[in-house]
Structure formats: C-alpha cells, structure tokens
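Subject: Structure handover

Hello,

Here is the structure I promised to pass on. My notes on it follow below.

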Amino acid sequence: MPNTKNTKNTTGTHTSRNAPKTPDDDDPDGEDQTVTDNRPSPMDVLREARAQLAELTGMTAESVSSFAQTEDGWSLEVEVLELERVPDTMSLMATYEVELDPEGRLTGYRRVRRYERGRADAHRSGGR
C-alpha cells in the first residue's frame, strides 16, 4: 500500500480585496461606505483623449495645455505636432480643441491655432 498523506482543504471563508463590503465589515454603525463611481479618472480621460485624437488625425499629440470638466463631459486643448521640420524649433504645431462625453469618448475636435514650435504667441494670454 502506498504511503499517503492526509491533507485538509483550507478554503474556509476568506474574503478577497475585490469582494463587496458587507454592512459589518469596517463600520460599527452597520452602514455601507462603498461608493460606486463608474466615471473615468481625469488621467484616464487625458490618456484616452490623446490616443483617440492621434488615431483620428494621424498626428502626434504631444501635450494637453488645458483640461476642464463641463456639463456635457470634458473639454481639452491638445498640442499636436502637425509638420516635423529641421531644426525642431521650426516644426509646425497646432492646438486642437477636443470635446469628450462624460465617459471619455471623443465627440468632436477642431484646430484652433497653428504655430511654429520655436515661437511664442504674444497676442494671447494664458498660453491660448
């Protein structure tokens, strides 16, 4: 007869970090403190906006110069490399106004400004 070990299954009642909270988990009053929020974080919105704009236009989205939450979702101004030149300071850049819905899906964009990378815009305040 082969030598066998008795092993006990120790699955028990263990809760994972992703398990929903029960009323008595961490709250002595028995109230559930878990808040469900399906909205994307601002960083997720920024990343998605840049990626979606780059995919639609075929141009590199270099930075976001303005970002605000609106009643209809999100509004951003994205700096885009439109035409790469040598030296780099002569490359053509553009500012695109990008609109997104509350979930972060791009709903529209338009170019609002075009400029050479090496030139400051003296006419506008606040980098706009």
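One cut-off first: a residue is called buried under 20% relative accessible area, exposed over 50%, and partly exposed in between. Glu-97, at 24% relative accessibility, therefore counts as partly exposed. Please keep in mind that this is a predicted model.

Overall layout

The protein chain has one helix and four strands. Starting at the N terminus, their order is α-β-β-β-β. The chain has 128 residues, and 25% of them are buried. Take the contacts between residues at least 6 apart in sequence: 37% of these join residues at least 24 apart. The accessible surface is about 10,000 Å². Carbon and sulfur atoms account for 47% of that surface.

Core

The largest nonpolar core holds 15 residues. The members that touch the most others are Leu-53, Leu-76, Val-78, Val-80, Tyr-96, Val-98 and Leu-100. At least two core residues come from each of α1 (42-57), β2 and β3. In soluble globular proteins, nonpolar side chains tend to be buried together.

Val-80 is worth a look in the viewer. Leaving out residues up to four places away in sequence, Val-80 touches Leu-53, Met-59, Thr-60, Ala-61, Glu-62, Leu-92, Met-93, Ala-94 and Tyr-96.

Ser-91

Ser-91 sits in the loop between β2 (73-83) and β3 (92-100). Is Ser-91 buried or exposed? Its relative accessible area is 0%, so Ser-91 is buried. Beyond its neighbours within four places in sequence, Ser-91 is in contact with Leu-81, Leu-83, Glu-84, Arg-85, Tyr-115, Glu-116 and Arg-117.

Rings

A search of the whole structure gives two aromatic pairs. Phe-67 and Trp-74 are stacked, at 5.2 Å centre to centre with 15 degrees between the planes. Phe-67 is partly exposed at 31% relative accessible area. Trp-74 counts as buried at 6%.

Tyr-96 and Tyr-109 form a tilted pair: 5.9 Å centre to centre, 50 degrees between the planes. This pair links distant parts of the chain, with Tyr-96 in strand β3 and Tyr-109 in strand β4 (residues 106-116), 13 residues apart. Tyr-96 is buried at 6% relative accessibility. Tyr-109 is partly exposed at 37%.

There is also a charge over a ring. Arg-113 lies over the face of Tyr-115, 4.0 Å from the ring centre.

Salt bridges

How many salt bridges does a search of the whole structure find? The search finds nine. Side chains of opposite charge can pair when their charged atoms come close.

- Glu-82 and Arg-114 meet at 2.7 Å, N to O. They link distant parts of the chain: Glu-82 is in strand β2 and Arg-114 in strand β4, 32 residues apart. Glu-82 is buried at 17% relative accessible area, whereas Arg-114 is partly exposed at 46%.
- Glu-97 bridges to Arg-110, with the closest N and O atoms 3.3 Å apart. This pair also links distant parts of the chain, from strand β3 to strand β4, 13 residues apart. Arg-110 is partly exposed, at 48% relative accessible area.
- Arg-119 bridges to Glu-116, with the closest N and O atoms 3.2 Å apart. Arg-119 counts as exposed at 58% relative accessibility, while Glu-116 counts as buried at 18%.

Best regards

Conventions. Residues numbered from 1 in each chain as written. Predicted model: local features only at pLDDT ≥ 70, side-chain atom pairs only at ≥ 80, totals over all residues. Heavy atoms only, no water. Buried < 20%, exposed > 50% of the residue type's maximum accessible area, 1.4 Å probe, protein only. Contact = heavy atoms within 4.5 Å. Areas by Shrake-Rupley, 256 points an atom, 1.4 Å probe, with all protein chains shown as cover. Core = buried A, V, L, I, M, F, W, Y, C linked by side-chain atoms within 4.5 Å. Phe/Tyr/Trp six-rings, centres within 6.5 Å; stacked < 30°, edge-to-face > 60°. Lys NZ or Arg CZ within 6 Å of the ring centre and 35° of its normal. Salt bridge = Lys/Arg side-chain N within 4 Å of Asp/Glu carboxyl O.
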